[in-house]
Amino acid sequence: MYVCRSCLRKASTSLPRQPLVAPNTTAPWRTFATTSFLLQDKDHDWAKFKTAAKRQVKDMPADDRKDFKRKVQERMKRATKIELQYANDPYHIAENVVTKLKRGEFEKALVLTREASRDKQCVVSWNHLIEYEFKKFRLHSAMKLYNEMKKRAQLPNAQTFTIIFKGCAISQHPTVALGEAVKIYNAMLSSSRLKPNVIHMNAILDVCARAQDLETMFVILRSADKLRAPNNLTYTIILNAMRYQKSNYVDIDDSRKQKVEDIRKNIETTIQRAKLVWDEVMGRWKKGEIIMDEELLCAMGRVLLLGGPKQIDTVLALTADILGIPRLDQELPAAPKKADSEEPKAEVRPARRGPQEKQLQGPSKPIAGNNTLSLIMGILRKYRMTKLASKYWDHLTGRFDIVPDRKNYLDYLETLSTGNASGKAARVIQIMPANMVDASVIKRGLLLCLFDAYNPNAFENATMVFDAMRKKMSAPEAKCMKLFLKIAENDRKFEDKLKYPTLVSSKLAYARQMFDALDRVWEPLRLATNHLAFSGAATSSKSPEDSWKRTYGDRQELLEVARRFVALSDKILSQELLPIGSDDSRVTIIRRKVMNDHVFRMYEKQSELNKTSVEGKDDYSLAAAASY
């Protein structure tokens, strides 16, 4: 039986409005009736409807709003009781809570959890609610849910405290979050039901690190025992917390001279404390009590980097001792000469370290990976050691089988840019996977070729980068094409009298360089123009004028490329760098005319739109004046 009139009215809309069809007769096309409201449902914008409904509730008087919320709560409770009749198991209740939270229905999930907690333990559902509030950066709401959970006799489990500590670590108010986390952790220490483990200790240490409170961190470390023995993650958190202290970096608001001296002393103190922690790590690692991983090693290496160039040798020695990476910055001693009677022995090379390698004796050693590659590239980039960076890159990617990620490639390109190694940068961009290549990578490579003006192969390197852009990017970038044409104008290498003894040969080679650049840019420029015409901004516009306005910035960039294309063509033709009447000269003339006409059309179109907009503003101002 339907008690609610609304439910009865909704159910009645699905009843057949036509008489039943007799057997052996053709069924009508429309068996069920559909109300006009359901017909409108397909094209109705429910997002606007919900926004308007919320605004209407907000505009209500205080008493009416309170009464309205009370009625909504009562309706949700009735619906929840019906739902609990069919899903009364804690597992299925938790699944329903997760489903509602994914849809953003927090109030419904909260009512469901409260009603289910009356006669059963629904700790997992409360955990989902607390985690949801932390992800929304609502610290106080999450703590209220935790306190309400305890008041309803729901016993928190180990996962509950892990969620709370991790949520406090991502809070936007780290100091307040640290106070709440420390309070809960101390209560756990004094509790007899559930003691904190090493996961809880690491989570609250992370909270201390985010709040930059080292004193509280070391106080919590004193609670470590056999149940909470520090592991590799514990030491990683401690070292990272030391590195990110504000006292290790310059504050712009303070005076420069005094601050630099204080920072130097603070960095020395930080390194000394980190070395004490590292001594404990090495002692426990050699005893086999903890696992040494790459993250812990790189955390210590980045702390040492605060000390400046004098710590480079220490970091490279650290990677050599633990990871087995040879010291490529040191020349190997020359082998002693052998007597004539001795037979030469075959050279013994160290075997490659595969990912499945195991240590048979002594403590297990970590395997070098992307983090190690990033650490070494960061050191060598900071102190402009380009040649050494290339050696380490080739060795780690070759002998250690490290597959670089996007961050590694960007670090290496930045390192090469400090030494103007445009050839190596071009080869790196060529071997990069297509999903890692974007406009910023191509632009960085072309800028490196532009600044490497004294390199006679700068244009050839830029050509390699430009070809990589054409192969790995769906739509060419206008700024990259403009940079490539600018590189083609560099004529420094044609001043070499040994390679180009006559003026004619020098001019012809220079013309050939510019013609090759124009030939390579011709097709990408056409593709970029077509891509802009069918882009999302253009196709979603209401009118051609609106499309032009929305794509104005991109059109201006392509227009700059077209103007530079015309300028280079004029340079070739006006100075007669190519032989008159040759095929290349005729192609240059035709393309120059096509591109010049395109530039004129763009400017005419823009001037017409500007004139139309000015006339529209004048008409509006006249109408406004007439209204007065």
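K479 is partly exposed in this predicted model, with a relative accessibility of 39%, and its side chain meets that of E557 in a salt bridge with an N to O distance of 4.0 Å. This pair links distant parts of the chain, since K479 belongs to helix α23 (residues 478-488) and E557 to helix α27 (residues 552-574), 78 residues apart. E557 also counts as partly exposed, at 27% relative accessibility. A search of the whole structure finds 32 salt bridges, including those described below.

**Salt bridges within a helix**

- In helix α27, E560 and R563 are 3 residues apart and therefore separated by about one helical turn, and their side chains meet in a salt bridge at 3.5 Å, N to O.
- E560 is partly exposed with a relative accessible area of 30%, and R563 is likewise partly exposed, with a value of 42%.
- Salt bridges that share partners join R114, E148 and R152 into one network.
- R264 and E268 both lie in helix α14 (residues 256-286), 4 residues apart or about one turn of the helix, and their side chains form a salt bridge at 2.9 Å, N to O.
- R264 is partly exposed at 40% relative accessible area, and E268 is also partly exposed, at 34%.

**The surroundings of S223**

- S223 is found in the loop between α12 (214-221) and α13 (232-243), where this residue is buried with a relative accessible area of 16%.
- The side chain of S223 reaches the backbone oxygen of I220 at 2.5 Å.
- When residues up to four places away in sequence are not counted, S223 touches Y185, L189 and R228.

Methods
Residues are numbered from 1 along each chain as its sequence is written. This is a predicted model: local features need pLDDT of at least 70, side-chain atom pairs count only at pLDDT 80 or more; totals for chains, interfaces and linings use all residues. Side-chain values use heavy atoms; hydrogens and water are left out. Helices (H or I, at least four residues) and strands (E, at least two) are DSSP runs, numbered from the N terminus. Buried means under 20% relative accessible area, exposed over 50%, partly exposed in between (1.4 Å probe, protein chains only). A polar contact is a pair of N or O atoms within 3.5 Å; within protein, one must be able to donate a hydrogen and the other to accept it, and residues adjacent in sequence count only if both atoms are side-chain atoms. Contact means heavy atoms within 4.5 Å.
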